[in-house]
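The following note concerns helix packing and charged side-chain pairs. Please read the points alongside the sequence and the model.

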Amino acid sequence: MEADRSGAADTAGLVRKSARDRIFDTAKELFYERGIRAVGVETIAAEAGATKMTLYRNFPSKDELVAECLREESRDGLAWWDDVIAPYAGDPRRQLEALFEGFANKTCEESHGCALSNAALELHEPDHPARMVAVEHKREMHRRLTEMAAAAGAKDTGLADALMMLLEGGHVSRVTLQESGPVRSLATTARTLIRAFLG
């Protein structure tokens, strides 16, 4: 019987999250729900069932913890992007349309908007590691839009610029006017822009 109880405990230990993962997941959720500046390391540690010492053993600073959370947001967001356009390989115009159809649905599910945009707005220091992650992510999005628009026949960056502004505006509209606001027209507006630039 003792051996059985020990085996069960070992199995539970494998399923249980590590302290690092608990801290990371808790921080990511709290930063998104409450804002980066509003959440201190004491709150993160307490809600993760850890100590400040454990937090600092795994993350050198709060700034680096925020940056790591945003790196995951960026990786997940770009992977999502790739998945959405993959079925339309070879048809860049349709990829752009599908991207904004997907964004319209995705944005409506984000109660507090885009975590990366929020971080860029909240963190004003240009050398803040988390702000740098957010800015680089947005640059990569614009680069991808520029590449896709060019492949679809755009003569300059005008279409990519307009789509980028539409996308960023969609995130803000979702926060201020909720899902019943202009964000509902995100996909339709994107198609209108694409037609205006590409014919």
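1. A search of the whole structure finds 18 salt bridges, a salt bridge being a side-chain nitrogen of Lys or Arg within 4 Å of a carboxyl oxygen of Asp or Glu. This is a predicted model, in which local features need pLDDT of at least 70 and side-chain atom pairs count only at pLDDT 80 or more, while totals for chains, interfaces and linings use all residues. Residues are numbered from 1 along each chain as its sequence is written, and side-chain values use heavy atoms, with hydrogens and water left out.

2. Arginine 71 takes part in a salt bridge with glutamate 68, with 3.0 Å between the closest N and O atoms. Both residues belong to helix H5 (residues 62–85) and are three residues apart, about one turn of the helix. Helices here are DSSP runs (H or I, at least four residues), numbered from the N terminus.

3. Arginine 71 also forms a salt bridge with glutamate 64, where the closest N and O atoms are 3.9 Å apart. Arginine 71 counts as partly exposed because its relative accessibility is 29%, and glutamate 64 is partly exposed at 29% as well. On this scale, buried means under 20% relative accessible area, exposed over 50% and partly exposed in between (1.4 Å probe, protein chains only).

4. A salt bridge joins glutamate 168 and lysine 138 at 2.9 Å, N to O. Glutamate 168 lies in helix H9 (residues 158–177) and lysine 138 in helix H8, so the pair ties together parts that are 30 residues apart in sequence. Lysine 138 is buried, at 13% relative accessibility, whereas glutamate 168 is partly exposed, at 24%.

5. Asp82, Glu140, Arg143, Arg144 and Glu147 are connected through a network of salt bridges.

6. How do H7 and H8 pack? The axes of helix H7 (residues 115–122) and helix H8 (residues 129–152) are 8 Å apart and form an angle of about 125°. That angle makes H7 oblique to H8; angles under 35 degrees count as roughly parallel, over 145 as roughly antiparallel, 65 to 115 as roughly perpendicular and the rest as oblique. Axes are lines fitted to C-alpha atoms, for helices over the stretch in contact, and angles run from 0 to 180 degrees between N-to-C directions.

7. On the H7 side, Leu116, Ser117 and Ala120 meet Arg131, Val133, Ala134, His137 and Lys138 of H8, contact meaning heavy atoms within 4.5 Å. By class, this contact has four nonpolar, two polar and two charged residues.

How values were computed. Helices (H or I, at least four residues) and strands (E, at least two) are DSSP runs, numbered from the N terminus. Ala, Val, Leu, Ile, Met, Phe, Trp, Tyr, Cys and Pro count as nonpolar, Asp, Glu, Lys and Arg as charged, and the others, Gly among them, as polar.
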